[in-house]
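Hi,

Here's the structure I promised to pass on. Have a look at it first, and then read my notes below.

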Amino acid sequence: MRLLIYKSLGFEIFLDVDGRRAKVRMSGPLSKLVKQVTEKFNAQGALEKVAVVRKGQVIISNFVPPTPSGPFNRLVKAQIKRVLQHRSMPESLMLLTTTKCQCKCKHCIVHGMKKGRCLSTKELYNVIDQALELGVYHVSFEGGEPTLRPDIFDLIRYVDRSKASTHLITNGLRLTEDYVKRLKEAGLVYLHVSLDSPYSREHDDFRGVKGIFRTASLGAEIGVKEGLVVVVEYTATPFNSDFVRLEDLYKHCSSLGVHEILIDEVVPGGRWKYLEDNLLGKGDYRRISEFLDKTNKRKNGPRVSSSYSYRDPTIMGCFAGNRWVWISSTGEIMPCFHIPISFGNVRDISLGDAWRRIRKHTLFRRDGKACTWKDPQYREKYFPSVSKAAEEGNAPYRVEK
């Protein structure tokens, strides 16, 4: 199957699909000017196994809007601007819609976030409008637990589907059949369900809620049946990254019909202490990489991705202040929730002005670098203040102007 996924004056981009394998191709007299875009897709997009193939449309991964679509067109335009104009704009808007949650996760990253008046529905509408104006093609509703917001369906519905795809990241506790149908009707595209172990007792203990493994698993299965793109989010720690657990996770997700398993590395912050024993080591990264290579060669089953691998300096580098912008429940503007420092509040400053402020800061001025939370400058100059703010329940730390 060949899909025309982008057309512009002087060139066209196609996606050739064979089963679950895909390859991006380009033609036209001006194609050489932007060939880096297709070369990067083929080299870095892990196209050996796409997540979903539907009639007339392909979902490569949760990182990429459905192809072809309006949001995908915006993604391509953003990459062309990066290549030809060296412009960096926010591509993903992450909304920490609330700090409320039913869980007490051992790695909770919003632990210590400042309490206060959450952004109202209208205020979030305004943030979404500003983000879309800046070029965002990916809007993610997160928490805390975003399903605890009664207006979550209105927020999802508000996002212009011709401009951005929508994502909801949930612990799965509220994913009844009726609730998932309402998410689908509101226009949700990607449903992310958190599982941090393939074993019920272990996951329940990690999340601090008995029975959550069973409920979340059932919610993921319902999401598949309702036609959502279902992604299982797996936070890799030194304690759950052995081959046995990874293989059992794959088997479990395959039985649910999940489309993609997204593995991310645990990051110090919130409840997760900055100790060497708490962080992934070289052996863990190597094992996960081997697991990805092996499973993505399998004809069936979910695609497996690792979000941290895209942030490698040789690929895209750190997304913080380069591709991502995060908004706390009270409106603080952050480059990433792993870097909980604020560059202003949406009630006082426009998203565009805050983005320019972030881009001028020494931590984010240089693109194509390793994740900022690993940067010695961040660890030495900012992390102590970040940790103190979290301990005092006053995160994120407000960076100097």
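Let's start with Leu 95. Leaving out residues up to four places away in sequence, Leu 95 touches Leu 124, Val 127, Ile 128, Val 139, Ser 140, Phe 141, Glu 142 and Ile 327. Keep in mind that this is a predicted model.

Leu 95 also belongs to the largest nonpolar core, which has 95 residues. Leu 95 is among those with the most contacts inside that core, along with Leu 93, Phe 141, Leu 183, Ile 263, Ile 327 and Ile 333. Helix H12 (residues 376-391) gives the largest share of this core, 6 residues. There's another core lying apart from it, made up of 26 residues, including Met 26, Val 34, Val 50 and Val 64.

Now for strand E11, residues 260-265. How many of its residues are buried? The count is 6 of 6. That covers both faces: Glu 260, Leu 262 and Asp 264 are buried on one side, and Ile 261, Ile 263 and Glu 265 on the other.

Which strands pair with E11? One is E10 (residues 229-236), which runs parallel to E11 and is joined to it by 6 bridges. Here Thr 235 stands opposite Asp 264 of E11. To get from E10 to E11, the chain passes through helix H8 (residues 243-256), in a right-handed β-α-β crossover.

Strand E12 (residues 303-306) pairs with E11 too, also in the parallel sense, over 4 bridges. Ser 305 in E12 is the bridge partner of Leu 262. The chain goes from E11 to E12 by way of helix H9 (residues 282-295), and this β-α-β crossover is right-handed.

Cheers

How values were computed. Residues are numbered from 1 along each chain as its sequence is written. This is a predicted model: local features need pLDDT of at least 70, side-chain atom pairs count only at pLDDT 80 or more; totals for chains, interfaces and linings use all residues. Side-chain values use heavy atoms; hydrogens and water are left out. Buried means under 20% relative accessible area, exposed over 50%, partly exposed in between (1.4 Å probe, protein chains only). Helices (H or I, at least four residues) and strands (E, at least two) are DSSP runs, numbered from the N terminus. Two strands pair if DSSP finds at least two bridges between them. A crossover is right-handed if, with the strands pointing away from the viewer, the path from the first strand over the helix to the second runs clockwise. A nonpolar core is a set of buried Ala, Val, Leu, Ile, Met, Phe, Trp, Tyr and Cys residues joined through side-chain atoms within 4.5 Å. Contact means heavy atoms within 4.5 Å.
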